[in-house]
Structures are given as structure tokens and as C-alpha cells.
Amino acid sequence: MQGADIGIGRLGGPLAALAVLIPIGAAFAAVLWRGAGALSFGPADTAALRFTVTQAAASAAISVLLAVPVARALARRRFFGRGLLVSLMGAPFILPVIVAVLGLIAVFGRGGWVNAGLALFGLPPVSIYGFWGVVLAHVFFNLPLATRLVLHAWESIPPAQYRLVAQLGLRSWATFAVLEWPLLRRTLPGAAALIFAVCLTSFAVALTLGGGPRATTLELAIYEAFRFEFDLPRAAALSLVQLALALGAAALALWLAPDLPRSGGAARDLGRPDAPAGWRRWADGVIIALGAAFLLVPLAALVGRGLGALTDLPTSVWSAALTSVQIAALSTVMMLALALPFAALIASARSGGAEALGLLGLAASPLTIGTGWFLILHPWTDPAAWTLAVTALVNALMALPFALRTLVPALRAGLADYGRLAAQLGLRGVRYWRIIALPLARPQIGFAAGLCVALSIGDLGVVALFAAPDQATLPLQMARLMGAYRMEAAAGAALVLMALAFGLFWICDRWGRAARR
Amino acid sequence: MLHVDNLTLTQGNFTLSADWRVPEGRRVAVIGPSGAGKSTLLGALAGFVPMAGRLSLDGQPIHDSRPEARGIAMLFQDSNLFPHLTLRQNVGLGLRARLRLTAEEHAQVDAALARVGLDGLGDRRPGAVSGGQQSRVALARVLVQRKKLLLLDEPFAALGPALRVEMLDLVARLTEETGATLLMVTHDPKDALRIAQDVIWLDAGVAHAPQAAGPLLSDPPPSLKAYLGSG
């Protein structure tokens, strides 16, 4: 039977859609208008395009390939701390990019642990800068994501099938061919497409670990064209290429992407009777340990470095932290104001389509939006005065696709379960929101707000374009400290940033879950 | 009096027609095989399923009205209570579509809860009471809604047989007190005989006019006989 029409999202939804379209559309119009006529796309830009695509493809392929053994080991072994480890794998998603980069430098950088180890054996040092450094950072972020996606799929195999396999005495290889390969064939392309799309718009990693003619992403090229050369035709051409590329990848990811698991590993824990014993048990242990170390050692290295610097951090770090918290809070409010009516529109629509609009936030490059708004504001006022507002808005747009992915199913389930009851009781529009939808979706609202606040506080993107020298967010201040080779102070600032990102996420998520009970 | 005038429901290949009336205060069972459209029929009366034809309740045309303006209360197969609201708030929503109530409305809600035997449980949430008690809360809300027509789409199907009979008896008493008309979907002819005076039999795309329950069920037409079996 059909549900009921509660009239939510009918007015606010289209308004929110406009509020997404207008800032993005205006930015593109501004870039095109100022840049068109003399679109230029030189050999350096072709190189940037090639680098962008190859590093994203390599990052996606390596993340997904490494995720398979880790997820397989996690799926068939039970050990103390497994749940915690799986939860921790969600952490890189909200870990500020620049914090992770600093942690990776501590381990893989010139004076890092890995090179110290290589030197012991008389081996030449490896460099974290350039193509492989960018890929390493992307794998650091996306291997845990890929592992969770694959693990989620793995755990969707009904336990009875494993029992059947154990009963039939199938060997590990046969189990793989019968049960697991078909599953991987369904899951891996989607996971890879998602990671590919995310890595295409990488800016902060390329800014810190890439650069130069051989390791510049399109996003970084836009920044350089604009910030250093004020070459608008070039910025416009790069923005267009970036948009086409990102839209294509986002569409591919949407088409192939598996659902993002909100909490992996919490599923029914029946163990795996078919899990092989003997050396394979040890091999699984080593794989899990390596995966965990890859995630945790850089962060531990960072904590080790940063703790000492915490006591005498420059005051600029604290004032930057304050600015960052303000931007993140404003951004989260903007995101919810957009996402809730938008999600209601999608949830009550009979057919999809509106969902694609939310993806624009992911596909449209933050740097292009930033460039566009700089051009719009420049003739009238000092764009630096708008740093806060523009950064907050762009961050909100970037968090929007993830928020919609979280909120739409919750609102849809609420309508399916209680829509007719609410209609019968006359709970419509604002009243439905206040009495039914918001309380029911509170866990998802808290989670989405937590994602947005953490993504925003850790974001190093638009702000790099806009900020005047005396203005800074915490990630930007960190980048400046790193640029000045004040690594101790940067590590201290990284600790503050990490604590803020995780702490604010925890507070929001906790608020959401405090409902009921 | 409920008038159902040339009602036609179409969903893909499925069609259902109905043309009859139900006198005020009657208790009517709606029976028929799975997929015959029992729930769809009730959904159409309540305003959740698009339909052609005319509906009126006590002379008021209602087929164009919104669900809350039809003078109809309906209990669904599940999700009859909001899980995040207290029992008192759930019942209170039957009075007015808001959570804050006047002292007088509060007293009405508490009286309704007491009437269904849930005195003193108003501050609990649905998750903290039993399935039978949840059904009673939904009935308390129906009481304060004071609608002329009550539709039951098997809301007690998940309860055990004894509890279900208890609920149906309570429904019969409550509708008797309020004078409301009752249409209830059921699978069990014993339930129909126990509390319904009339039966609407759904078969081959037609919802037949209500007939007295006893004679119809003791001497059923062939199609109904096939459905009931020789039990």
C-alpha cells in the first residue's frame, strides 16, 4: 500500500536544492565569464590531468587490493579488540588530511622511522614526496574505508552458508571460489570507483606531498594558477576539466557504490567454523597487525612528536583553532539547513534524481567554487573579509553528499513506518518535523553533524585561496608551520586539530545517540 | 452511516469495486483471501489509496478530504505508536496534533488510559510495555480521537490468540460506548462471529455488500465456502 503525503520537503526541498545550485552555479559562471575567450590549457596542465588520473587510479587500485586480505582476515577471525579496530578504521574519514600527512612524514619522511631502518641495512632512503607519497597518503585514508566496505559485504554472507561450507569440508580455495569471489566481484568495482572519485579532487595531500611539474593535481594547479599567477583563463580551463572529470567519476561511483556502512563489524558474531587453522591463522594475524600498524603507527608517531610541543605552542595556533571552530560550527548549521529539507524532498519523492544534485557538492571542486566566489566578491569588497562565510559554505556543500546518504534512509524509514499514522493525526509539515522526524532521525542527524564538523575543521581548501596573511584556520596554520620547517610546533598543532576533529565528532554523535533510553 | 458509492480501486492489474452502505454503530468484519484487497479497501476509505467514486460519512462527502479530516480513525498492522514518545504523548496526539496539552486535555488522556486498563503507565515509552499494552494504548488514542468510523487493519495479528480475543472484546465494548462504526479486517471467521454483526466478503475484485454475519458464515456461497474450508 502507498504511504501518505505529509508535505515535508515540498517547500524547503526545492529551496535547499536552489541553495546548493546557486553557489556552485554562480561560481562556475564567474570563472567562465572571466576566463572564457582565452581558455588556455598548456602542456603543464595536460601533465596535471595525467597525474590526477593516474594517482587516483593507483590509489584506488592499491587500496582495494590491500583491503581484500585485511577484510578477509578480519571477517574470519575473532580476537580481543576486533570491534575497536573496525571502529578505528572509520576514523581516517574524519581525520584532517594535513594531520595524517604530518604523521606519515614522521614515519616515511626523510628523517622518519622507515628511512632510519633502511639506513641500518645500508639501503638508500625512500622519498615521501612526489607520486608515491601522494598515493601513500591516499592509501592511508582509503585502505581503511575500502576494508570496511569489503568487510561489510563479507559479513552480509549468511552464517548458514559458512556452516554449509564447513560441513562440506571445502578447502580455503574452494570457499573463496564459491562464496567470496562472487561477492568481491560485486563490491570491489564500487569501492574502487568511490575511492577514485575522492582522490581526483585531492588538494591538501598534493599541496603538502606533491607539487612541482611532475606531481601536481588539477586542484593544486587551479590553486597555483589563481594564487600565484592570477591567470584566470587557465584557472577557468582547469576548473572545467576538473568538473567534467569529477562529475564523471561521481556518477560512476554513484552507479557502482556500495552503501556506506555506519558501523561495521557489529553484526551477529557467530564465529566462522570454516576458518582454517594452522599457519593460515598466523598469516591472518600478521595481515591484521600490518593493517592496524599502517593505520596507527603514523598517528602514534605524531602524538609522540606533538606532546612535547603542546606546552609552548605559538599563540597563532590557538587563535587559528578558535577560527576553525567558528567555521566548523557555522558550516554544520548551514549543512543541516540544506541537508534536512533536501533529504526530506528525496525521501518523499517517488523517483530518485534529486539525489544526484547532492553529489554536486562532491563533484564540484572546492577550489573552483572558491575561485568563482573570489571573482564575484572581488569587485565589491575585500574577499578576505568573507573567508569565514565562504569556507563554511563550501565545507557544508562538501559534507552534503555524506549527510544525505545518512539522512535520507532515516527519513524514508520514518515516512514508511509512521507516515500514515502521522497523516491520520494531522501531523504535517513543521509539526511532523518537530514531533516525529527530528526525534526519530536524531541519531543520523548527530552523525551527519559530526561528519560535517570534523570534515570542516580539518579542511584545507578554499581557505588557502581566501585567507589574508593574518588570517588562518588551524589546518592552514599547520601548513604554514610545516612550510617554515617548524615541525615540532606543527606536530603540536596537529594534536590540537586531531583532538578537535575527533572530540567534536564524538560530541555530535553522542548527542544523537543520547535520544531515548 | 457510511456510504460507499461506485468505489473503484485500480493498482496495476488489480481492481476492486464496492458499492454499499454501513449503518451507524454497526460492527463489520472484512474477510477475503490474501491479496483480495482488504487492506487496500480500508486504506482507500482512510485516504491513503487513490480511488474513483464517492464516499460519505453521515452525509458529509469525504473522498476529497485529507486523512485527518475524514472523521475516521485507523489502526494499522504495525507501527501504531511513535516509539520515541511516552504513552501519554501518543494518546494526546489523538486530541490535538501537538505535544503540549491543557490540564483538561491531560485529564482526558489519563481517563482514556485508565479506561483501557493502563492507569499510571502514561510516562512510559512503548518499548517499555508489552505488546498487549501497546495495543491498549492505541485503543486509548482511538477513544480520545472521537471519530465516527474506526478501521482495524489486523492491528492485533501479532498477539497470541487469547490476547487477540481480549482486545477484540475491548474494541466491541469501546465502540458500543462511543457509538462508532467499526470495519475490521480479519482472517478468522471465529473473530468475525465473536464481535461483528455483519460481514463484507471480498472476492474476484468485488467487495460485496455487508450481510448478517451468522447466516452468511453458517451457509456461505461457494467461493466463501472454499476460502473457509470445511473446518
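This is a predicted model: local features need pLDDT of at least 70, side-chain atom pairs count only at pLDDT 80 or more; totals for chains, interfaces and linings use all residues.
Residues are numbered from 1 along each chain as its sequence is written, and chains are lettered from A and ligands numbered from 1 in the order in which they are written.

- Helix α8 (residues 172-200) of chain A packs against helix α11 (residues 232-256) of chain A at an angle of about 155 degrees, with the axes 8 Å apart; helices here are DSSP runs of H or I with at least four residues, numbered from the N terminus, and axes are lines fitted to C-alpha atoms over the stretch in contact, with angles from 0 to 180 degrees between N-to-C directions.
- α8(A) is therefore roughly antiparallel to α11(A), a term used for angles over 145 degrees.
- The residues of this contact between α8(A) and α11(A) divide into 13 nonpolar, one polar and no charged, where Ala, Val, Leu, Ile, Met, Phe, Trp, Tyr, Cys and Pro count as nonpolar, Asp, Glu, Lys and Arg as charged, and the others, Gly among them, as polar.

**The bend in α8**

- α8(A) bends by about 50 degrees at E180(A), and the proline P182(A) follows within four residues; the bend is the angle between axes fitted to the seven residues ending there and the seven starting there.

**Helix α1 and helix α13**

- The axes of helix α1 (residues 12-35) of chain A and helix α13 (residues 315-348) of chain A come within 7 Å and cross at roughly 125 degrees.
- The contact of α1(A) with α13(A) has eleven nonpolar, two polar and no charged residues.

Terms used
Helices (H or I, at least four residues) and strands (E, at least two) are DSSP runs, numbered from the N terminus. Angles under 35 degrees count as roughly parallel, over 145 as roughly antiparallel, 65 to 115 as roughly perpendicular and the rest as oblique.
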